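These are my notebook entries on one protein chain. I set down what I looked up, in the order in which I looked.

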Amino acid sequence: MAVSRNSNDADRKLESGTAAAVPAEKKDGGLHPALYIALWIALSSSVILFNKWVLATAEFGFMLTGLLLPDFPMFLTTWHMVFSTLMTQLMARCTSMLDSRHKVPMTAATYRRAIVPIGILFSLSLICGNLAYLYLSVSFIQMLKATNSVATLLTTWLFRIAPPNLRVLANVSVIVLGVVIASFGEIKFHMLGFVYQIGGIVFEALRLVMVQRLLSSPDFKMDPMVSLYYYAPACAVINGVLTAVVELPRLGWDDIAAVGVPVLVANAFVAFLLNVSVVLLIGKTSAVVLTMSGVLKDILLVMASMAIFRDPVTWQQFFGYAIALGGLVYYRLGAEKIQAMAADTRLQIAQYRQQYPGRLRALLLGVLVGCGVAVWLWGPSPLGQYSEYMTTRPPVVKGV
């Protein structure tokens with residue numbers, strides 16, 4: 001999932017509870033934080049769906065025995081990194097958005113020792129993530145991504161950044177249990193795609209731990225845009241070398257023209273805008289709101305995948321994913337914050353019901369009707385649809 005992975009810098013703030021706790025109120029002369037949240041959710045979801053479409057639907061691949069194999073994920077990742085490099089260099093020279101980079105004591109030796117290894121891990125996580133989209137549905141990938149926090153936690157323990165805690169381990173075990181249940185309910189399960197996605201999660205966890213070590217020094221505090229300014233060139237070079245060896249020999253202009261240069265430019269631009277939205281979002285909401293927004297984004301992505309790509313999702317997967325999301329929210333927020341959030345929600349609902357009783361009933365009715373229509377149109381597939389999927393799915397090429 002190319003550049004959208006930079007939004008994990010925001011996720012790292014959520015997991016550590018270091019996101020700025022600014023009340024979600026409209027500031028004088030500024031936009032309401034809800035607009036920034038909506039923008040982030042929209043762009044994050046758009047990047048994932050856009051990448052999936054380009055890789056698996058828009059005929060960005062090569063022909064083999066009459067079958068189209070979308071086999072240029074490394075090129076797409078390299079293109080995103082090149083585009084991000086050009087944009088951040090342009091912003092550094094023409095705007096003040098990256099002026100904070102001057103406060104970072106970056107030298108050539110530091111770049112080789114810290115940024116390049118992080119760039120290698122970042123590239124591997126991006127490539128594995130894009131490869132997973134060739135074999136797995138967007139909905140199932142989002143379910144597997146619920147284990148990102150688990151992998152990051154275990155990696156911090158492995159590198160002794162944080163001491164092991166059995167109570168926390170028990171909490172994250174709930175996430176793993178939910179993902180396991182969802183995995184056994186996946187109809188379109190593909191072992192190679194599963195391995196690619198798990199590999200991407202592991203590489204991303206290692207990257208986040210290295211970033212955490214780098215940022216442990218107060219001199220190296222960087223927002224996501226400054227991080228992208230430093231990481232993108234390294235990632236572009238690393239991905240470019242891999243692309244030249246693996247994909248470039250069979251990649252021709254006809255393959256690019258099949259997708260369209262404007263489409264590729266728009267794809268990279270949307271991915272870049274996601275990083276801008278992360279910068280705008282951080283510091284304008286609390287960690288609680290960001291966490292719940294992330295959960296909402298994942299749920300909407302699953303529903304969008306079902307609606308756009310007709311990915312079959314079973315009730316068992318919904319059950320397992322609900323367990324995983326519940327465990328994820330509890331792990332990131334803790335019991336006290338959840339109780340405070342629930343109490344605040346009840347208070348706001350009571351006040352709104354007292355002021356606008358008719359609107360509240362209409363809103364609840366609209367939500368119920370909307371959920372009912374969504375389940376009816378794109379809801380979890382009954383077991384009877386399994387045979388229909390097996391008879392209509394495209395042929396699978398062994399060894400691909």
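**Entry 1: surface patch.** Which residues make a nonpolar surface patch of about 360 Å²? I find that Val237, Val241, Val245 and Val246 make this patch. I took patches as sets of residues with over 30% relative accessible area and no salt bridge, with like charges joined within 9 Å and nonpolar side chains (Val, Leu, Ile, Met, Phe, Trp, Tyr) within 5 Å. Accessible areas come from the Shrake-Rupley method with a 1.4 Å probe, and for residues only the protein chains shown count as cover. Valine 241 lies in helix α9, residues 224-246. I took helices (H or I, at least four residues) and strands (E, at least two) as DSSP runs, numbered from the N terminus.

**Entry 2: source and conventions.** I note that the model is predicted, so that local features need pLDDT of at least 70 and side-chain atom pairs count only at pLDDT 80 or more, while totals for chains, interfaces and linings use all residues. Residues are numbered from 1 along each chain as its sequence is written, and side-chain values use heavy atoms, with hydrogens and water left out.

**Entry 3: the chain as a whole.** I count 15 helices and 2 strands in the protein chain. Of its 400 residues, 48% are buried; buried means under 20% relative accessible area, exposed over 50%, and partly exposed in between (1.4 Å probe, protein chains only). The chain exposes about 19,500 Å², and carbon and sulfur atoms supply 67% of that area. Among contacts with a separation of 6 or more, 85% join residues 24 or more positions apart, where contact means heavy atoms within 4.5 Å.

**Entry 4: nonpolar cores.** I then looked for nonpolar cores, each a set of buried Ala, Val, Leu, Ile, Met, Phe, Trp, Tyr and Cys residues joined through side-chain atoms within 4.5 Å. The largest has 57 residues, and those with the most contacts inside it are Trp40, Val54, Phe75, Tyr133, Met143, Ile175 and Leu264. Helix α2, residues 33-56, gives the most to this core, with 11 residues. A second, separate core of 23 residues includes Met91, Ile115, Tyr230 and Val276. As general background, nonpolar side chains tend to be buried together in soluble globular proteins.

**Entry 5: asparagine 267.** Which residues does asparagine 267 touch, not counting residues up to four places away in sequence? I find Phe50, Asn51, Val54, Leu76 and His80. Asparagine 267 belongs to helix α11, residues 261-281. Its relative accessibility is 2%, so asparagine 267 counts as buried.

Entry 6: In the loop between α5 (138-144) and α6 I looked up threonine 147. Threonine 147 is buried, with a relative accessible area of 14%. Leaving aside neighbours within four places in sequence, threonine 147 is in contact with Ile175, Val179 and Ile201. Why is α6 largely enclosed by the rest of the structure? The reason is that 9 of the 11 residues of α6 are buried; among them are Asn148, Leu153 and Trp157. Just after α6, arginine 160 takes a positive phi of about 60°, although arginine 160 is not a glycine. Arginine 160 sits in the loop between α6 (148-158) and α7 (166-184) and is exposed, at 77% relative accessible area.

**Entry 7: charged pair.** I searched the whole structure for salt bridges and found 1, taking a salt bridge as a side-chain nitrogen of Lys or Arg within 4 Å of a carboxyl oxygen of Asp or Glu. Arginine 207 forms a salt bridge with glutamate 204, and the closest N and O atoms are 2.9 Å apart. Both residues lie in helix α8 (residues 191-215), 3 residues apart, about one turn of the helix. Arginine 207 is buried, with a relative accessible area of 0%, and glutamate 204 is buried at 3%.

**Entry 8: cysteines.** With a disulfide taken as a pair of cysteine sulfur atoms within 2.5 Å, I count 0 disulfides. Cysteine 94 is exposed at 59% relative accessibility, whereas cysteine 128 is buried at 11%.

Entry 9: Leucine 296 and isoleucine 41 are 255 residues apart in sequence and 8.3 Å apart in space, C-alpha to C-alpha. Leucine 296 lies in helix α12, residues 287-308. With a relative accessible area of 42%, leucine 296 is partly exposed.
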